[in-house]
Amino acid sequence: MKKIIYLTFLYLIYQPLSYGQKSDTASRVQKVNKLKEVNVVKQRVVRLRPETLTNTLKLLQPLLQTPQSIISIPSSLLQQQGGLELRDAARNVSGVYFALNSTPFDNSATAQIRGFNAFSTYNGMSRRFSYGALIDDESLVESIEFVKGPAGFLNSYGEPGGSINISTKTPGQKLLNVVVNGGSFNFFRTSVDIGSEVKKKGFSYRFNTTYQHRDSYLNDLRTDKYVIAPVLQYNFSPNTFVLAEYNLVRGESQYGSSLDKVRSEADKLSGPIGINYSAGNGLPISYAQNQTGRIYAVHKFNKDWQLTSQSSYLLAPYSSWNMTSKGSKVYFRPDGMTERRSSRSMGSGKTFSSQLFASGKIRTGPIRHQLLFGAEYTNSRDSLSLNNGKIEFPYALANPSNFVDPDQARQTTRLTRITNNTFLKSAFAYDNIQLHKQLLLTIGARYTWFTNEKITTNARGVVPVKQHQNALSPRAALTYLIDSSTTAFFLYDQSFVPQTGQKAIVNAAREVIGAEPLDPQRGKNLEIGLKRNWFNSRLYTTLTGFHTIRINTAANDEVNAGYRIQFGEVTSKGIELDIIGNITDQLSLVTNYTFVKAVITKDKNPERLDKQMPQTPQQIFNTWIQYKFPLRNLASLNLSLGQTTIIKRSTSDKDQFIPDYTKFDAGISYVQDKYFFRMIADNLTGKRYMSSGDIISSFPYEGRNFYYIDGDPFNVKLSVGIKF
């Protein structure tokens, strides 16, 4: 007798339809009874939070038990919100802010967490160090992990506020997805995602490609982006595989690449938003590009132990053109005139990184240990060249014409060239000890050796500097499992940022008689938090309080030109609340709140005491809520509403803040098994606001000067996706 039973299940965690088994019992001699085909169907529920971190973050333990505030954002949430790059993910995480960035690319270079710069990695591997380009795209992203506080288990060095890891797409299941987007400002984008199922033995693949064109609300600013990302994986067995990955992301901009502007107190956020004094119709193409190659291998010895090795090589050149007034942002004299000249900034980064680490479990009597240990090597060669145009073009405020002669605009003089050759070697070991069924102790450290060879070439000549710095960064934490869904943790961690440059050695007559290298910048972080899973692990919440100190901050020596001084202490403290996940199958919620106070607490100059860290918001509040209305044939209609509020953003001037803002977004989508349609409306009220900015007094105008980027006005993005 043959019985054919088809069972169709739709799992909650990103699983495709699976089918029941077919059994053969034809050897039985009896009457054949044929059962009717049974279809058990359920609408797919998109979960907004993973249970564990990616393997490239090295910590193979549930997020709930990790003694640190870490929020992982899946690509499905970015797509739901219409996000296209890293900065679009910031709304989903507390404590994250993107500061003033002058170009349409390189956004992750200005990322901040808890008032400090955030170091970003690709699959746990270092990207640029000083001057190369950083450019990313949603089509590469599997998930983005925001790690709050120091992360010695992840990085050789980094600021004490935290770091960001981008996990790229790799083979997983068979798919062929095509998405086409269009919208405001001549926005057009098409993406293709092709992949095969991972085999127990044999080859599998993933391939993503994207083309995007978008103009700007600014006049004479047009951008194009190209993405190619093939991945090939070979499984020797279910426990051993090697993966080869190549990513190319290139962004190009016509007529200049400057987004920010400078306005006086009276003129800020006024006048037509599209006026672009920095554009030059005739300037060469500006570009930013990342090419990354990665080899990644994993071998699982058994269910408890695995060995991971990965190496990557990054090429990151960029060339940025725009028009300036005497090398600064375009400004006007009282008669309404100025002279503009071209400006070109060129950078290049070449970074090789290699990691080898093992993780596993052992027991010492009744005590269980989860161990992580390994080593890392990184070499980065990068350079920066600053160039000013030789020819000035008259420019009138009353009748601004952005046309410039292409041949004349290309004529430049190099002002400065800097080259860096950096070597980092580190070893690390961490032990997560289960002292009791409800109590976990984490101890460990990373030791880092740093060498830097820097050459600066300018009008004063060639200045070579070579430095060596070493640092031990310990880590200790306690995690208490209140119940199966709730944990409390306490964390002490340290950070390390190498410093380049030299301090002057002076005699009693204050004459320079020698020089010595700077000490590394160090950070100390104390953190306490409470985590909980709700509604059968659908919803995840974390509440965190932190107190972070950064010492050995470097600045230019105003007395002895060409040297650096170290002084001061910066303290950042605050609270963070994150809520992310599904309340029901129909209702999902992402909301977060941040209060942070990051100020200078020690300084030789008493006027700087209690000064806020520049471009740091005191409060951030974000919400994104979506409700799904089920329809026939596994379809659904989804309505979304989002909000962002940013309060009291500090600037370079003490106790001066750029204006607060609140903006609203909304979305509607129709989703069926094989296709979807989505519309996202950003800035529903059309509010004029500063997305980021700074205040610098007395230049170029009297009083307060606002350097800022306008937030996008009301705009719409449409998406159509098909699954083959």
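The accessible surface of the protein chain comes to about 32,000 Å², of which 57% belongs to carbon and sulfur atoms (Shrake-Rupley method, 1.4 Å probe). The structure is a predicted model, in which local features need pLDDT of at least 70 and side-chain atom pairs count only at pLDDT 80 or more, whereas totals for chains, interfaces and linings use all residues. Residues are numbered from 1 along each chain as its sequence is written, and side-chain values use heavy atoms, with hydrogens and water left out.

Two helices and 40 strands make up the secondary structure of the protein chain, where helices (H or I, at least four residues) and strands (E, at least two) are DSSP runs numbered from the N terminus. Of the 724 residues, 53% are buried, that is, under 20% relative accessible area with a 1.4 Å probe and protein chains only. Taken along the principal axes, the C-alpha atoms fill a box of roughly 105 × 65 × 40 Å.

Within this chain, Thr 324 is placed in strand 19, which covers residues 318–324, and Thr 324 counts as buried because its relative accessibility is 4%. The side chain of Thr 324 reaches the backbone nitrogen of Gly 327 at 3.2 Å. When neighbours within four places in sequence are left aside, Thr 324 is in contact (heavy atoms within 4.5 Å) with Val 330, Glu 339, Arg 340, Arg 341 and Ser 343. For the protein chain as a whole, among contacts between residues at least 6 apart in sequence, 68% join residues at least 24 apart.

Definitions and conventions:
Buried < 20%, exposed > 50% of the residue type's maximum accessible area, 1.4 Å probe, protein only. Polar contact = N/O pair within 3.5 Å; in protein donor to acceptor, adjacent residues only side chain to side chain.
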